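Let us walk through this fold from the inside out. Keep the structure open beside the text and find each residue as it comes up.

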Amino acid sequence: MAGETSSSASAVAVSALTEEELTLNVKWSGKEYTVRVCGDDTVGELKRRICEVTKVLPKRQKLLYPKVGSKLADDSLLLSQIPLKSSLKMTMIGTVEDDIIVDPMESPEIVDDFEIGQDEVVDIKDKDMNKQKLNRRIKQYKIELRNPCRQGKKLLVLDIDYTLFDHRSTAENPLELMRPYLHEFLATAYAEYDIMIWSATSMKWVELKMGQLGVLDHPDYKITALLDHMAMITVQSDTRGVFDCKPLGLIWAHFPEFYSAKNTIMFDDLRRNFVMNPQNGLTIKPFKRCHANRESDQELVKLTKYLLAIARLDDISTLDHKNWESFANVKRRRHD
Ligand SMILES: [Mg+2]
C-alpha cells in the first residue's frame, strides 16, 4: 500500500505537464473557436475537437501554427511534444460537409466501446489528477436550465448518439433515425425524473438534433438542461490510453440541493463515459442500423419499466444497473 502511494505521487509529478489542460483558439473561415485539450491528447484528438465545433471532418483539416513546421500533419503526435501556447492562435483550413444528418465524426475508436477493468475504474475515479480536472470543469462550465429543477425528483441523464438516435444511418427525415418509443419513454420517465441530455458533440448539434426530434418542445415532458462535449473531461487509462468521459459530479456540484449520486442514473451506449461514476451508469444497447431494427427495438419500453421500478428507492446507486433487465422482470412478476 505504501509503495502504491509513492508510485502514484511520482506519476503525478511526471505527468503534470502532459496532463495539464490547454485552451486553444482556432481560427477558421473568419470565426474563432475555442477547444480544450491536454498534453496527452494527440493531434488527431485535437482535430476531432475542432471538428466538433466547426463540423469540418478531421481528414479535411489542415492546421497552421507559428513555428511548428509540419508537426501538426502527424495525427499520432502528442500535443505535449509541440510548443503550443494559449496566447497564439491556430488557423485551420478545411471545408465542411453539408449533410447535417450524418454524424460529422469519422473516428472508429469513438464508436467502439471498450471494457475497462474494475480495478482500473476505481483508479481513474479516485485519481487526484482527474478530481482536479473535474473541479476545473465545474468552475468553467455553466449549465443553463431550460426548465427548473423539481424538488423530490430523481435525475435521468441521457446520451444521444446510439442511445436516442442512430446518427450513422441516413434518412430523408431525422425522425426516421429516432429510437422507437422515445417520446413515450421521456413522458413516462418525467413523472419521476428530471431529464438532462448530455452528448459528446457541440451544443449546436445537441440543440439541432433534439429540436428536429421534437424533444425540446414536447407537451408531455420538459427537458431540464442540455450538456455538450465541453462539459466532459479527458482521463487516462493505463490500458486504453486517453479518452473522454461524462462526470456526473459536474451536475451534482451545480445543483446539490436537487441531485446527487444517490438519485441519478445515466444511460449511455459507451460504458467508458461512466468511468468517474460507475455506480450511476447503465449501458444501453446501441441503436444502430435503424432501418433494419426500428420494428424490433424495445429497449426504451423495457427501460421505462426499470426507471419506474427503481424510482421509489432512496439510493439507486446501490443497485447494479448491469442487472436491470432481471430487476424489472422480478418486479413485474411480484405484481402479477
Ligand atoms: Mg452514444
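The largest nonpolar core has 58 residues. Such a core is a set of buried Ala, Val, Leu, Ile, Met, Phe, Trp, Tyr and Cys residues joined through C-beta atoms within 7 Å. A residue is buried if 20 or more other C-beta atoms lie within 10 Å of its own, exposed if 12 or fewer, and partly exposed in between, with C-beta atoms placed from the backbone. Leu156, Val157, Ile195, Met196 and Ile197 touch the most other members of this core. Strand E6 (residues 193-198) gives the most to this core, with 5 residues. Helices (H or I, at least four residues) and strands (E, at least two) are DSSP runs, numbered from the N terminus.

This is a predicted model: local features need pLDDT of at least 70, side-chain atom pairs count only at pLDDT 80 or more, and totals for chains, interfaces and linings use all residues. Residues are numbered from 1 along each chain as its sequence is written.

Take Ile197. Leaving aside neighbours within four places in sequence, Ile197 is in contact with Leu158, Ile160, Val206, Met210, Ile223 and Leu226. Contact here means that two C-beta atoms, placed from the backbone, lie within 7 Å. Apart from this core lies another, of 15 residues, among them Cys51, Val53, Val56 and Met90. In soluble globular proteins, nonpolar side chains tend to be buried together.

Now the sheets. Two strands pair if DSSP finds at least two bridges between them. Strand E10 (residues 264-268) meets E11 in the parallel sense over 3 bridges. Phe267 stands opposite Leu282 in E11.

The loop between E10 and E11 holds Val275. Is Val275 buried or exposed? Val275 counts as buried, because it has 26 C-beta neighbours inside 10 Å. Leaving aside neighbours within four places in sequence, its contacts are Ile116, Val121, Ile124, Lys125, Val235 and Cys245. Val235 is 40 residues away along the chain, yet the two C-alpha atoms are separated by 9.0 Å.

Strand E1 (residues 21-28) and strand E2 (residues 31-38) pair in the antiparallel sense over 8 bridges. Along this pair, Asn25 stands opposite Thr34, and Thr23 stands opposite Arg36. E1 and E2 form a hairpin with 2 residues between them. Ser29 in the turn has a positive phi of about 55 degrees. E1 also runs parallel to strand E4 (residues 89-93), joined by 3 bridges. There, Met90 in E4 is the bridge partner of Val26. Met90 is also among the residues of the 15-residue core.

Finish with helix H5 (residues 128-140). Its 13 residues reach 18 Å from first C-alpha to last, close to the 18 Å expected at 1.5 Å a residue. The expected span is 1.5 Å times one less than the number of residues. Asn130, Lys133 and Leu134 of H5 are buried. Seen down the axis, the buried residues of H5 fall within an arc of 100 degrees, so they line one face of the helix. The arc is that of the directions from the helix axis to the C-beta atoms. On the other side of H5, Asp128 and Lys139 are exposed. The cover over the buried residues includes E1, helix H4 (118-126), strand E8 (233-237) and helix H8 (249-254).
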